[in-house]
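Welcome! Take a moment to look over the sequence and turn the model around before reading on. The report below walks through a few parts of it.

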Amino acid sequence: MEGVVHRHTLANLKKKSSVNLKENLERINDYMEKEVSPELLPHFQRTHVTLIDQIPTEDTNTAFTDLATCLEMRKDYMLRSGQDFPNLITQFLESKDSSKTLDIIKKEIAIRNERYKQHTPVKRRELQPHIENPWDIELKPNLSYTCTLRKGIVYIFDETGKQLDYDYLSFEQHVSDLQSLYKIVCSGPVRSFASKRISFLRSKFEMHVNLNEAFELADMARVPRRDFHNILKVDTHIHAAACMTPPCLLDRIGKAYAEEPDQEVLKGKNKEDPPITLSQLFKNLNLDPLNLSLDALDVHADKSTMNRFDRFDNLYNVAGQADLRKVFLKPTKNLIRGRYFADMIKEIFTVAENSTYVYKELRISGGSTMKEWQELGTWAKEFNVYSDNNRWVIQIPRCYAEKRKGNQVANFQELMAQTFLPMFLATSDPESYPEVATFLEYVIALDSVSDESVQEIPLLSNDLPSADEWTDRKSVV
C-alpha cells in the first residue's frame, strides 16, 4: 500500500496537477483488484501506511519530479530497444494526465505493445525444447540490403536504395538525457530521499520477516516438487575462459600432455621457426605438467584483484604463462583451433544439462572484426560447442586507443564498422557468411569491456566530434 501511495504522490508532483491523490489511488487499487488474482497473493500479516494529506516541501517536489523523469526516460529507452516495460508503472506515469481514464490508458498500452511486438524476445516456453543439430539450420535468403555508417549510426538500404525507417535516438538527445541523469544522480534532494527510502524499505522488510517468517517457511514446504535446487537458475557474467574449475583445467592439461605430447600447438616465434609441440612448450617454460598442482596454476581470484583489472587479467595466464593461456583457454590463436578449450566448455555444458534447472550465459571474447566473428562461428561449429542450456554473450574490448596507435583504424567510426557491420552483413546475406549467421542464432547479447580503472571522458557533450571525425589517439569511451 505504501509503495502505491508514493508512486502516485510522485505522479501528481511531476505535473504539479491538482488531481486528488485519493482518486488516483482508487484507480490503481481498482486495477490491482481486476488484474491480480487473489489466489496469487500470499496471506501474510501486513503493515499499513496510512494516507494523509500533507503539503510537500520543495525538496520532495524536486526529488519526486526527478525520479518521475528517470522513469519516463527508462520507459522510452526500453521501448525503443524492444524490451517490455511494466504496464503498472506505465499506468502510474500516464495517470498524471487526469483526462485519461484507466480504460484509455490500457488501450494506449496495448497499441504500444503491439507496435513493439516484433522486437519482443521470444519466451523460453516458445523455444524448441531440444535442437538435435544446432548447426544444420536453413539460412534465410539474401535480402540484398546494404549497410553504411554515417556519424556512428548504421543506415540500412533495400535493393532499390530506399532507406529503411528504424526508430533510433539522435546523439544530441542521448547527450541531453545523459546530462540529465548526471544532474539527478548528484541532486541533494534525490540523494536524501533515496537514503531515507532505502532505510524505510530495510525496516519494512525486517518487520515483514519478524511477522511472517514462519508463514513463508510453511508456504514453501507446501509447494509440491519445488525448492531452490529445482527452480530455474541462470548463471550470468561467467567468462568462458573461467567457467571451469581449477581441477578441471589441471586434468585437461595432464590428459593432453599424456595423450599427445607431440601435438603442434603454437607457431614458432619467427616465421622460419618450426611449430612448437606441447612437450616443447612445457620444456621451454620449465614446467612438468604431470606434477602441476592447483596452487601452481595460480588461477584463483582473491582480494588482491579487487579494482585491479591488471591483476585480474593476469590470472587467466595459466601458471603465469601467456602461452598456456593461448593453448588451453583460447578458441583461436593456436594450431589446434581451440580444441582443448572446446572440450572443457563441453564438460561444463554436460554438468549443466544433467542439473536440468541450471542455464548459463557464457561470455567469450571476440567479434572485433569480421575475421574474429568467422573464427568464433567456425570454432563453435567444428567442435559442436553448443548446449540447450547455454546462450553466448560476446565480449568486445574497447580497444580504440590501441588500434589507433597501431594505425589499424583512422577514426572511431572505423572501429564501430569492424565490430557491428559483420552482424548486419551476416543477417542481410547469411549465405555469404554462414558461420557468422549460424553462430548469431545462439548469441543473445554484446558486452563492451575494458579496464574500468582507466579514467574516461567524464561527460559527453554536443561539442564532441562525431565518430567519423574522432581521430584522437585517446578513446572517447
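## A strand and its contacts

In which strand does Asp447 lie? Asp447 belongs to β8, the strand that covers residues 443–449. Keep in mind as you explore that this is a predicted model.

Now look at what surrounds this residue. Setting aside neighbours within four places in sequence, Asp447 is in contact with Arg363, Val393, Ile394, Gln395 and Ile396. Val393 is 54 residues away from Asp447 along the chain, yet their C-alpha atoms are separated by 6.8 Å.

## The whole chain

Let's step back. The protein chain holds 17 helices and eight strands, and 35% of its 477 residues are buried. Its accessible surface comes to about 29600 Å², with 52% of that belonging to carbon and sulfur atoms.

Contacts across the sequence are worth a look too. Of the contacts between residues at least 6 apart in sequence, 70% join residues at least 24 apart.

## Helix α8

Helix α8 runs through residues 246–259, 14 residues in total. From first C-alpha to last it reaches 20 Å, close to the 20 Å expected at 1.5 Å a residue.

Which residues of α8 are buried? They are Pro246, Cys248, Leu249, Leu250, Arg252, Ile253, Gly254 and Ala256. Their cover includes the helices α9, α10, α12 and α13.

## Aromatic pairs

The chain has 11 aromatic pairs. In one of them, the rings of Phe64 and Phe193 have centres 5.2 Å apart and planes at 85°, so the pair is edge-to-face. Phe64 lies in helix α3 and Phe193 in helix α7, so this pair ties together parts that are 129 residues apart in sequence. Is Phe64 buried or exposed? Its relative accessibility is 8%, and because buried means under 20%, Phe64 counts as buried.

Trp135 and Tyr386 also form an edge-to-face pair, at 6.4 Å centre to centre and 80° between the planes. Both residues sit in loops: Trp135 between α5 and β1, Tyr386 between α14 and β7, so the pair ties together parts 251 residues apart in sequence. Trp135 is buried, with a relative accessible area of 10%, and Tyr386 is buried as well, at 12%. Elsewhere, ring pairs link Phe341, Phe349, Trp379, Trp392 and Phe439 into a cluster.

## A patch on the surface

Finally, look at the outside. Val49, Phe200 and Leu201 form a nonpolar surface patch with about 210 Å² of accessible area together. Leu201 lies in helix α7 and is partly exposed, with a relative accessible area of 39%.

Notes. Residues are numbered from 1 along each chain as its sequence is written. This is a predicted model: local features need pLDDT of at least 70, side-chain atom pairs count only at pLDDT 80 or more; totals for chains, interfaces and linings use all residues. Side-chain values use heavy atoms; hydrogens and water are left out. Helices (H or I, at least four residues) and strands (E, at least two) are DSSP runs, numbered from the N terminus. Buried means under 20% relative accessible area, exposed over 50%, partly exposed in between (1.4 Å probe, protein chains only). Contact means heavy atoms within 4.5 Å. Accessible areas come from the Shrake-Rupley method with a 1.4 Å probe; for residues, only the protein chains shown count as cover. The expected span of a helix is 1.5 Å times one less than its number of residues. Patches are made of residues with over 30% relative accessible area and no salt bridge: like charges are joined within 9 Å, nonpolar side chains (Val, Leu, Ile, Met, Phe, Trp, Tyr) within 5 Å. A salt bridge is a side-chain nitrogen of Lys or Arg within 4 Å of a carboxyl oxygen of Asp or Glu. Rings of Phe, Tyr and Trp (its six-membered ring) pair if their centres lie within 6.5 Å; planes under 30 degrees apart count as stacked, over 60 as edge-to-face and the rest as tilted.
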